[in-house]
Every structure is written in C-alpha cells, then in structure tokens.
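Let's take a walk through a protein model together. Have a look at the sequence and the 3D view first, then read on.

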Amino acid sequence: MKKYAIVCKQDKKSIEVSQAIRLELDSIMDYDEKYPELVISVGGDGTMLYSVHKYMYQIESVSFIGIHTGTLGFLTDYQKDEYLDFIEDVKNNKYHIYHRCLLELVANGHTYYALNEVRVENNRRSQVMDIYINHDFFETFRGNGLCISTASGSTAYNKSLGGAVINSSAGLMQLSEIAGIHHNAYRSLGSPLILDYSHKIELRSDNFDGAILGVDQLVFDLKGADRIEIVLSNKKARFIQYRHVPYIQRLKRAYLSD
Ligand code: NAP
Ligand code: MN
C-alpha cells in the first residue's frame with residue numbers, strides 16, 4: 001500500500017497521535033486525502049463510522065484500521081500508546097484483510113449504506129409499520145421503532161435493545177424492536193430476528209411523519225416516505241489487520257474486563 005489518509009477525532013490526544021503517525025509514515029507512504037488505499041481512523045468507534053462513510057464512494061478499494069484514543073474501541077485494533085507498534089507493523093507489511101458487511105437501504109429514492117445499523121424511530125407517537133420479508137407480509141409493529149443491525153453493529157445500539165451479539169464476520173442482519181407495544185390487541189414477534197443474505201426487509205407505513213431514519217451516526221427525516229427497503233449489501237467494508245485480535249478477546253476487553 002502506497003497511499004494513506006488519516007481521519008482524526010478533533011480532540012487533543014487524537015490530534016497528537018495523528019501528527020505523530022504522519023511524521024513516521026510520510027517517509028514510506030504518500031498522504032492522499034482523496035484516493036487513499038489505507039485509512040487510519042484515530043479516535044473511537046464513532047470516528048471509524050465517520051471514516052467508513054467518508055470513503056463510501058470508493059469502499060471497494062480502501063482498507064480501514066483504527067487507533068483508539070476514546071472510551072470503548074470495539075472497532076479499533078491499537079491503543080493510543082501503541083501507535084509505534086502500529087508504525088512498525090505497517091513497515092513490516094504483513095497483514096490480513098477481512099470484510100465487514102454493510103446494509104444497503106433505499107428510502108425516499110435515496111440509497112444509503114450502514115456499517116452498524118439502520119433505525120426507524122419516532123418519539124412523538126406510536127409508529128405503526130408493516131414489516132414485509134421477501135415481499136410477504138410478516139407482522140404489524142407498533143412502538144417507538146425498529147433497528148436493523150449488521151453483525152458489526154450488534155455490539156452498538158442493537159445491544160442496548162437486548163439484541164444478540166453476533167461475531168462480526170457473520171453475514172447476518174438482526175431486526176430488533178425499540179419499545180414495542182405488546183398486548184391482546186397488538187402483537188408482534190417481540191424477540192430479535194436474525195436473517196441472512198437471502199432476505200429483504202421492507203418497512204411500510206402510510207405515516208412516517210415525525211419519524212427519523214438513523215443510518216449509523218447520520219440522521220434523516222422520513223417525512224413523505226412510504227417504505228424503507230433493507231438488504232445486506234454486496235458491497236463490504238475492508239478492514240486491515242496487522243495483528244490478530246480474536247473476537248472473543250475484543251468482546252471481553254470492551255464489556256467484561258481488560
Ligand atoms: P455515540 O453516541 O458516541 O455512540 C454511542 C456508543 O456506541 C459510543 O460509546 C460508541 O463508541 C459506541 N459504538 C459505536 N459503534 C459501535 C460498535 N460497532 N460496537 C460497539 N460500540 C459501538 O455516537 P457515535 O460515536 O456517532 O456512534 C453512532 C452509533 O452509536 C450508532 O451507530 C449507534 O449504534 C450507537 N448508539 C447507541 C445508542 C445506545 O446504545 N442507546 C444510542 C445512540 C447511538 P465511541 O465512544 O468509541 O464512539
Ligand atoms: Mn462516539
């Protein structure tokens with residue numbers, strides 16, 4: 001890899017780490033903001049989401065890696081005091097590429113991609129939505145909203161909704177309810193539903209007024225929409241691994257103990 005770029009969270013520590021990395025890497029690689037092959041995300045998981053969206057227009061030719069300066073760091077491989085190890089690993093040039101699935105959704109004539117999840121949320125009134133799976137009616141949902149997450153996003157919002165944590169390499173999406181209403185008159189599945197590539201989820205409503213469409217860190221108004229179609233995309237985000245951090249170790253470090 002010859003061309004790189006850094007996406008940096010705008011706090012003091014992240015800026016310091018970015019400058020130090022740049023000083024070291026500029027002698028062996030070219031800095032190319034527009035068409036990098038390697039994107040180094042310095043910050044937290046939110047910074048990684050921002051990085052992936054920034055380079056979505058050339059997602060097939062970019063590889064991402066994260067240096068962690070924030071609070072959690074589930075999507076990042078190096079801690080802030082390990083940036084010299086990172087430079088050493090880049091110089092050694094031994095790596096493994098792995099892919100993270102993206103969701104592809106269409107709403108209001110626009111196509112969006114998500115690394116973590118798609119959320120349809122309404123805090124003003126109960127949102128009624130008919131859920132179709134592969135064009136067949138599945139159920140009517142009533143409540144605050146629905147979240148459809150990837151395996152990578154299963155540890156993010158999905159986890160707060162009681163969804164399952166799914167190994168990030170799995171080509172699966174998970175539909176979870178946000179405060180669903182369940183009683184004798186209104187019934188929906190209630191439990192998270194995990195589906196694979198062969199499924200398309202469609203959320204239909206004749207009234208999305210007041211509802212928002214959340215796509216990772218981005219938020220859009222759903223006014224005027226009548227349906228949202230969601231599939232696991234053929235496009236994938238490439239992540240580069242210079243050192244192997246087993247998934248279970250990542251999970252333990254982030255949620256249980258160091
Ligand atoms: P944020 O408010 O900073 O994100 C909330 C937390 O989610 C942060 O601690 C963030 O880590 C962490 N996070 C993001 N992606 C993750 C992943 N794949 N696995 C584990 N943790 C993850 O907002 P943000 O940084 O812009 O991130 C947007 C994401 O936040 C959304 O995609 C959504 O999943 C998540 N979110 C969660 C809740 C909730 O759990 N109730 C509410 C809103 C948003 P960093 O601190 O390292 O950024
Ligand atoms: Mn964040």
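What follows is a short tour of the ligand site, the core and a few single residues.

## Before you start

This is a predicted model, where local features need pLDDT of at least 70 and side-chain atom pairs count only at pLDDT 80 or more, while totals for chains, interfaces and linings use all residues. Residues are numbered from 1 along each chain as its sequence is written, chains are lettered from A and ligands numbered from 1 in the order in which they are written, and side-chain values use heavy atoms, with hydrogens and water left out.

## Around the ligand

Which residues come nearest to ligand 1? There are 18 residues around ligand 1, and the nearest are Asp 45, Asn 116, Glu 117, Thr 155 and Ser 160. To be counted as near, a residue needs one of its heavy atoms within 4 Å of the molecule or strand in question. Sorted by type, this shell has seven nonpolar, eight polar and three charged residues. Here Ala, Val, Leu, Ile, Met, Phe, Trp, Tyr, Cys and Pro count as nonpolar, Asp, Glu, Lys and Arg as charged, and the others, Gly among them, as polar.

Now zoom in on some atom pairs. A polar backbone atom of Asp 45 is 2.8 Å from an oxygen atom of ligand 1. Thr 155 has a polar side-chain atom 2.7 Å from a nitrogen atom of ligand 1, and Ser 160 has one 2.5 Å from an oxygen atom of ligand 1. On its own, ligand 1 would expose 800 Å², and the protein buries 66% of that. These areas come from the Shrake-Rupley method with a 1.4 Å probe; for residues, only the protein chains shown count as cover.

Two elements give two or more residues to the shell around ligand 1: α2 (45–54) and α4 (157–160). The top contributor is α2, with three residues. Helices (H or I, at least four residues) and strands (E, at least two) are DSSP runs, numbered from the N terminus.

The buried ones are Asp 45, Thr 47, Met 48, Leu 49, Ser 51, Val 52 and His 53.

## The largest nonpolar core

A nonpolar core is a set of buried Ala, Val, Leu, Ile, Met, Phe, Trp, Tyr and Cys residues joined through side-chain atoms within 4.5 Å. The largest one here has 29 residues, and Ile 201, Leu 203, Leu 213, Leu 222, Ile 228 and Ile 230 touch the most other members. Strand β6 (residues 96–107) gives the most to this core, with four residues.

Take Leu 222 as an example. Not counting residues up to four places away in sequence, Leu 222 touches Ala 107, Asn 108, Val 120, Phe 208, Ala 211, Ile 212, Leu 213 and Ile 228. Contact means heavy atoms within 4.5 Å.

Is Ser 154 buried or exposed? Ser 154 has a relative accessible area of 0%, so it is buried. You'll find Ser 154 in the loop between β10 (136–150) and α4. Apart from its neighbours within four places in sequence, its contacts include Lys 159, Gln 174 and Tyr 247.

Gly 43, in strand β3 (residues 38–43), is also buried because its relative accessibility is 0%. Gly 43 and Cys 8 are 35 residues apart in sequence, but their C-alpha atoms are 6.2 Å apart in space. Cys 8 turns up again with Ser 18, a residue of helix α1 (residues 12–25): leaving out residues up to four places away in sequence, Ser 18 touches Ile 6, Cys 8 and Val 42. Ser 18 counts as buried because its relative accessibility is 9%.

Asp 81 is exposed because its relative accessible area is 67%.

## Two residues with positive phi

Asn 93 has a phi near 60 degrees, a positive value in a residue other than glycine. Asn 93 sits in the loop between α3 and β6 and is partly exposed, at 42% relative accessibility.

Asn 134 has a positive phi too, near 50 degrees. Its place is the loop between β9 (127–133) and β10, and at 31% relative accessibility Asn 134 counts as partly exposed.

Terms used: A polar contact is a pair of N or O atoms within 3.5 Å; within protein, one must be able to donate a hydrogen and the other to accept it, and residues adjacent in sequence count only if both atoms are side-chain atoms. Buried means under 20% relative accessible area, exposed over 50%, partly exposed in between (1.4 Å probe, protein chains only).
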